[in-house]
Structure formats: structure tokens, C-alpha cells
Amino acid sequence: MNQKKIAMSIDTKADYIVIAFTGDLEYGMIEEIKSELQTLSLDTKHGYIIDMQRVTNIDSTGFGMIVNFAKKVSVKDKKIAIIVVDDFIRNLFAISQVDKVFPIAESEEQARKIIKEDWLGELSLNDY
């Protein structure tokens with residue numbers, strides 16, 4: 001069986017943190033990353049940018065991981081923006097309606113602006 005590789009990297013910037021994923025965020029693949037995310041206690045001024053530019057697939061487990069992380073940081077009043085450039089991944093976000101909860105950006109620069117502003121989604125995290 002061909003073992004797919006997934007990875008997570010964390011880059012702390014002056015006033016935000018970039019969490020970049022690579023590979024397939026799918027069931028059976030993300031347990032390790034999920035527990036890493038839950039133990040993150042990185043403090044940041046504005047919030048988090050989740051970079052999904054190198055993600056090749058994501059399923060409900062992957063979305064669940066992002067939503068759970070968001071719930072964890074929202075209690076600290078921090079914002080999250082997600083970078084999605086791939087049309088396929090963007091469609092998955094639309095189908096799952098995660099794009100109604102989080103702002104989707106085309107670049108880190110755009111995401112940085114979003115987390116500094118008051119972005120209001122169509123759905124709150126609790127309603128999702």
C-alpha cells in the first residue's frame with residue numbers, strides 16, 4: 001500500500017502564525033497532526049493563517065480538524081483565515097460550507113489583512 005505523506009509546518013511571524021499543511025488531510029492520515037494542533041499553545045497578536053496551498057485533498061475529518069482548532073483559538077478571541085488557491089480544494093470548501101465560516105484568501109498577504117479586520121462569515125463557528 002502506498003503511504004501518502006502529510007506534513008504540517010508552523011511559521012511564527014511578528015503578529016500572526018502561519019500553519020501550512022501539505023498532502024491529503026483525510027481520515028486515517030491526520031491523527032498525529034490533529035493532536036499536534038490541539039497541543040499548540042502559540043500566542044499571537046492577531047490570529048492564524050492556515051495555508052492549504054499544498055493540500056491535495058481534504059475530507060470531513062480534515063475540515064473537522066480545522067473547525068476544532070478554530071473553536072480552540074476563538075475562545076482566545078483570535079481570528080483564522082485560510083489560503084486556498086486550488087479550484088478542487090476550493091470546491092470542497094464550498095460543498096462543506098466551511099467557506100461560510102472562514103474567510104478564504106488567495107495569498108498570505110490577503111489572509112494577513114483579513115485577520116486584522118473584522119470578517120464576519122455567513123455562519124458562526126457554533127452554527128456550523
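Student: What does Ser96 touch, not counting residues up to four places away in sequence?
Tutor: Ser96 touches Phe63 and Tyr128; contact means heavy atoms within 4.5 Å. The model is a predicted one, in which local features need pLDDT of at least 70 and side-chain atom pairs count only at pLDDT 80 or more, while totals for chains, interfaces and linings use all residues. Residues are numbered from 1 along each chain as its sequence is written, and side-chain values use heavy atoms, with hydrogens and water left out.

Student: Is Ser96 buried or exposed, and how do you know?
Tutor: Buried means under 20% relative accessible area, exposed over 50%, and partly exposed in between (1.4 Å probe, protein chains only). Ser96 has 19%, so Ser96 is buried.

Student: What does the side chain of Ser96 reach?
Tutor: The side chain reaches the backbone oxygen of Leu92 at 2.9 Å. A polar contact is a pair of N or O atoms within 3.5 Å; within protein, one must be able to donate a hydrogen and the other to accept it, and residues adjacent in sequence count only if both atoms are side-chain atoms.

Student: Why is Gln97 called partly exposed?
Tutor: Gln97 has a relative accessibility of 36%, so it counts as partly exposed. Gln97 also has a positive phi of about 65° although it is not a glycine.

Student: Where is Gln97?
Tutor: Gln97 is in the loop between helix H3 and strand E5 (104-105). Helices (H or I, at least four residues) and strands (E, at least two) are DSSP runs, numbered from the N terminus.

Student: How do the axes of H1 (residues 31-39) and H2 (residues 60-74) cross?
Tutor: Their axes come within 10 Å and cross at roughly 10°. Angles under 35 degrees count as roughly parallel, over 145 as roughly antiparallel, 65 to 115 as roughly perpendicular and the rest as oblique. H1 is therefore roughly parallel to H2.

Student: Which residues of H1 and H2 meet?
Tutor: Ile33, Lys34, Leu37, Gln38 and Thr39 in H1 meet Thr61, Met65, Asn68, Phe69 and Lys72 in H2.

Student: How do you know that the span of H2 agrees with its 15 residues?
Tutor: The expected span is 1.5 Å times one less than the number of residues. For H2 this should be 21 Å, and the end C-alpha atoms are 20 Å apart, which agrees.

Student: What lies at the start of H2?
Tutor: A side-chain oxygen of Asp59 there reaches to within 2.9 Å of the backbone nitrogen of Thr61. Thr61 is one of the buried residues of H2.

Methods
Axes are lines fitted to C-alpha atoms, for helices over the stretch in contact, and angles run from 0 to 180 degrees between N-to-C directions.
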